[in-house]
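Biologist: Please bring up the model. I would like to go through its helix packing with you.

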Amino acid sequence: MLSVLARKPWYLMVLPAAVLLAVLGFRGGTGLHAADSQTMAAAMNVPVEQVASATGAASEDRFSGRELGAAIGVGLPLDLRAAFEGGRGLFEYAQQLRTAAAAGDAEAGWMVSRIYDYCGTYAMDPQGYALDSATLARMGLKDVPGLTAAREQVSRGCVGFTAADGLGRALIVEQRRASAAAGSLAAEAALLSMGEPLRTDAKYRRELVERVLNSQNAEAFLAISTAMGVAASGDDAYSGLVAGDQFAQLAWQLAACQLGLACGPGSALMTGYCANGGICSRDPNQDFETFVYDAAVSRQGNEKMNELVSSLRRAQGGKP
């Protein structure tokens, strides 16, 4: 089966690998402007002048988020997800969430981990991130604008985070363990997807998936989706469940959208896929469901995908 990373030409992945290497890899932490233009031009197979012009200022912002946000005030908003999806002031919002999480709020802790995940790449080197975005904006390559817009969205939302915050895997795992201990099912499911389950035995892992199914909770469905993809292939713990291939992973994510997860064109899901994974739609108006059916599922596979999603939505006791 074709995976979501390698289906159709509007994915950034179809750009020559050397382009991404030169734009995102030559920096080496010192800034793209420090790389030799002739070396980069040779790697990208483009004129030296094009590389030189690419290191200028970022293009005018053309991203327009479509998810409704919530103002971040002194206290936490009633809808923690809406504030996250608002995409602004995430550094300050994370501080508020951490305070609530320390007081035992499991869902606040889970949302902190989502912010860490979303902002992690930016936080490693904000200045370098901006330089890379400027380069992509000025390269003149037709498949780049979607990525540039998504990266600018991340930059605006995550400003304030730096490498000193340590938003890496270790911190995310630590935060999710604490949130799972406090009662967050989504955090517990995410640990399984990260290969860091609270317990490793098959009985626990299957029961966790069944609890997620029974919860019909959008965040938990999203959190466990990666564990249900190719990572679950050949694992008897998931026998009879929607698991084991890329279709299964996407089915869990599509079901999460139907359960209320923000999956619109400006959602954190779409922005994260594009900015952090390089998986971008050419159509800025596509939501996640349309994008999946348009780019990752063949016509012959539509019926199967619909069946998988429907089975997840009507599951009881872990049984489709």
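The questions below run from the overall fold to single contacts.

Biologist: What am I looking at, and how many helices and strands are in the protein?
Modeller: This is a predicted model, where local features need pLDDT of at least 70, side-chain atom pairs count only at pLDDT 80 or more, and totals for chains, interfaces and linings use all residues. Residues are numbered from 1 along each chain as its sequence is written, and side-chain values use heavy atoms, with hydrogens and water left out. Helices (H or I, at least four residues) and strands (E, at least two) are DSSP runs, numbered from the N terminus. The protein has 16 helices and 0 strands.

Biologist: What percentage of the 320 residues is buried?
Modeller: Buried means under 20% relative accessible area, with a 1.4 Å probe and protein chains only. On that cut-off, the buried share of the 320 residues is 49%.

Biologist: Among contacts between residues at least 6 apart in sequence, what percentage joins residues at least 24 apart?
Modeller: A contact means heavy atoms within 4.5 Å. Of the contacts between residues at least 6 apart, the share joining residues at least 24 apart is 66%.

Biologist: How are helix H6 and helix H14 oriented to each other?
Modeller: Axes are lines fitted to C-alpha atoms over the stretch in contact, and angles run from 0 to 180 degrees between N-to-C directions. The axes of H6 (residues 106-124) and H14 (residues 268-277) come within 9 Å and cross at roughly 30°. Angles under 35 degrees count as roughly parallel. H6 is therefore, relative to H14, roughly parallel.

Biologist: Which residues of H6 and H14 make the contact?
Modeller: H14 supplies Ala268, Thr271, Gly272 and Asn276. From H6 come Arg114, Asp117, Tyr118 and Thr121.

Biologist: Why are H9 and H10 called oblique?
Modeller: H9 (residues 169-182) and H10 (residues 185-193) have axes 7 Å apart. Their packing angle is about 135°. Angles under 35 degrees are roughly parallel, over 145 roughly antiparallel, 65 to 115 roughly perpendicular, and the rest oblique. The pair is therefore oblique.

Biologist: Which residues of H10 meet H9?
Modeller: On the H9 side are Val173, Arg176, Arg177, Ser179 and Ala180. Their partners in H10 are Ala187, Glu188, Ala190 and Leu191.

Biologist: Where is Gln216 found?
Modeller: Most residues other than glycine have a negative phi. Gln216 is not a glycine, yet has a positive phi of about 50°. Gln216 lies in the loop between helix H11 (202-215) and helix H12 (218-224).

Key: Buried < 20%, exposed > 50% of the residue type's maximum accessible area, 1.4 Å probe, protein only.
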